[in-house]
Amino acid sequence: MEQSGVAPGFREPSLADALLPLGALAVLIAGALALFGLDALDGPIQVALVLCCAVAALVAMKNGHSFPAVQEAGRGALGSVTSAIFILFAVGALIGVWNLSGTIPTLVYYGIQVLSPDWYYAATALICAIVALSIGSSWTTAATIGVGLVGIASLIGVSPAITAGAVISGAYLGDKTSPLSETTILAAQMVKVDVYEHIRRQVWTSIPAFVVAFVVFLLLSLTGPDTVTDAETTSDLDKLNQIFNITPLALLPLALLAFLSIRRVPASLALLAATLFAGALGAFLQPDVYADFVSGSGSSLVESLKAVWAAMANGFSMSSGIPDVDRLLSRGGMDSMLLTIWLIVGAVTFGAMLEEFGLINRLVHPMITAAKSTGRLYVTVFACGFGLNVVAGDQYIALVLPSRIFRAEFARRGLAPTNLSRLAADSGTVTSPLVPWNSCGAFMGATLGVSTLLYLPYAVFCYASPALSVLYGITGFKIENVEPTADPEETE
C-alpha cells in the first residue's frame, strides 16, 4: 500500500503524536467560535491555524525532523496554493471592476425582472448547475453568476444564505461531473480510469443528489417569508437604471469569460482578461460612474485608467441613498481577499505538515484494518476525505490522498477503481465548501459575501451526494466488482 510515510532514520509518530495537533485544532477553532462567533473568520481562526502549525512542527521535531525540514514542508504547502491565491486576487479584481463597469448591476437588473421569488432558490441552483457543467469550474460560476444571484436575493427580499447554498449546490454538480473540471479529471487520473467512465459512474450519485437539492430549494422558495413589495423592487431598479447605463452590452465580459473558460484558458488569466475587458468597455458605457468614483481626476482617459485600477485594488463603492443597492455594489478588490488568503495559507500549511511527517497515515491505516466490510470501507474513505478537508484545508489534498491510500485496498477486495474515484470525489470535492477554513469554503464565503457558517445548512447537494455514495457502499447498489488483485504500483 502506498504511503506518504516517514523517512528512514526518523521515529514513527505515535497515536498521541497524531492526535495532539488535531486536538489543538479542535480546541482552538471551538474557542475562536465561542469567543468571536461569526467574526472568528476575520482573524481569530487564522491565528488558531498558525498556532496549530507550530504544534505540528514541534511534534515533527520531537520525532527527529529538523526545523529546515519543517520549513521545507511549509514551502511546499505554499507552492500548492499559488494558483488558488492568484485566482482569489483575480476574482477580487473582477468583482470590483464588474460593479464599476455595470456588468453586475445589469445582471441584477435583468435578473430581478425574470426570476420570481416563488421559485428563486430552485432556479438559482439550476442556472448555476448549467453554467458549471458548461465551463467545469465551481469557483468561476460562483464568482460571476453566483455573485449576481446573491445580489438579486438581497434586493427582492429572499435569503442570501439560502441563495448561496443553492449557488454552491449547482456549482459543485458541474465541478464534480463536467469533463472540463480539473477535479473530475484528477479523480479519474488518481485511480487510473478513463475520465468519461468516471463521469458515467458519478452520475449515479450526482443526479439524484441534485434532484433532492432542487426539490428542497423549490420547497424553501414556496414556503419562504414574504418578499419585498413591488414598489420597493421598482425603486431599486429605478436607482440602478439612474446610476448605470443598463444595456446588454454590459454583459459582454460575462460572455468573454464563458468563452475563455470553455477554451480551457487558465482560470486566473481568464478572470483577469474579463476584468480588463469590462474595465475598457465600461469606460464607454459608464463614463459618469467612472468620473464620480475617482472624483474627476482629469481627462476621461486618466479617469478611466484610475477608476479601473482602484476598483481592481480596493473594490468599487458608492452611496446611492438606498442601502440594499449600496451593499450590493460596494464590494470587491484584491485587498478584500487578503483575509481569505491568510486563512488558506494557514490551513494548507497545517495539512501539509500532517501529511509530510506521517501523522495522517498514523491515523488512517488502523481505520483501514478495522474496516472489514465494504460498507465500513466506504465510511472510512468518506471520513478520511471529509476529515482532510477539515484538517488539511484543501480539496486537492482531500481528493488525492484518499485515492492514493485506498487504491490498493480496493484492488485487494475486488472493487473496481471507478468505485473509489466516485467515492473520493463525493468525499473530498463536494464537502470542501462546507469547511470555513478550507480553500473552497473560504473562497465561497469571500466571493458570495455570505459566511460559510451561514450558507452551510443550505448547501444541500454537498450533503446528499456523499450520503448517497456511502449508502451505495453499504447496500451494494451500483458497486462494480472486478477480480481481486494487488495494486500494480506495489508490484513494480
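Visitor: Why is lysine 192 called exposed?
Guide: This is a predicted model, and in it lysine 192 has a relative accessible area of 59%. The word exposed is used for values over 50%, so lysine 192 is called exposed. Lysine 192 sits in the loop between helix H9 and H10, and its phi is positive, about 60 degrees, although lysine 192 is not a glycine.

Visitor: Why is lysine 478 called partly exposed?
Guide: The relative accessible area of lysine 478 is 35%, and because buried means under 20% and exposed means over 50%, a value of 35% falls in between and lysine 478 is called partly exposed. Lysine 478 belongs to the loop between H24 and helix H25, and it too is a residue other than glycine with a positive phi, here near 55 degrees.

Visitor: How many disulfides does the rule give in total?
Guide: The count comes to 0 disulfides. Cysteine 52, for instance, is in no disulfide, because the nearest cysteine sulfur, that of cysteine 53, is 7.2 Å away and the limit is 2.5 Å. Cysteine 52 is buried, with a relative accessible area of 0%.

Visitor: What makes H7 roughly antiparallel to H12?
Guide: The axes of helix H7 and helix H12 come within 11 Å and cross at roughly 170 degrees; angles over 145 degrees count as roughly antiparallel, and therefore H7 is described in that way relative to H12. The contact is made by Thr140, Thr144 and Ile145 of H7 together with Leu254, Leu257 and Ser261 of H12, and by class it has 3 nonpolar, 3 polar and no charged residues.

Visitor: How do you know that the reach of H24 is close to what is expected?
Guide: Helix H24 has 16 residues and reaches 22 Å from its first C-alpha to its last, and the expected value at 1.5 Å a residue is 22 Å. The buried residues of H24 include Phe461, Leu468 and Tyr472, and among the elements that cover the buried residues are helix H8 and helix H19. After H24 comes glycine 476, with a positive phi near 85 degrees.

Notes
Residues numbered from 1 in each chain as written. Predicted model: local features only at pLDDT ≥ 70, side-chain atom pairs only at ≥ 80, totals over all residues. Heavy atoms only, no water. Helix = DSSP H or I, 4+ residues; strand = E, 2+ residues; numbered from the N terminus. Expected span 1.5 Å × (residues − 1). Buried < 20%, exposed > 50% of the residue type's maximum accessible area, 1.4 Å probe, protein only. Contact = heavy atoms within 4.5 Å. Axes fitted to C-alpha atoms, helices over the stretch in contact; angles between N-to-C directions. Parallel < 35°, antiparallel > 145°, perpendicular 65-115°, else oblique. Nonpolar A, V, L, I, M, F, W, Y, C, P; charged D, E, K, R; others polar.
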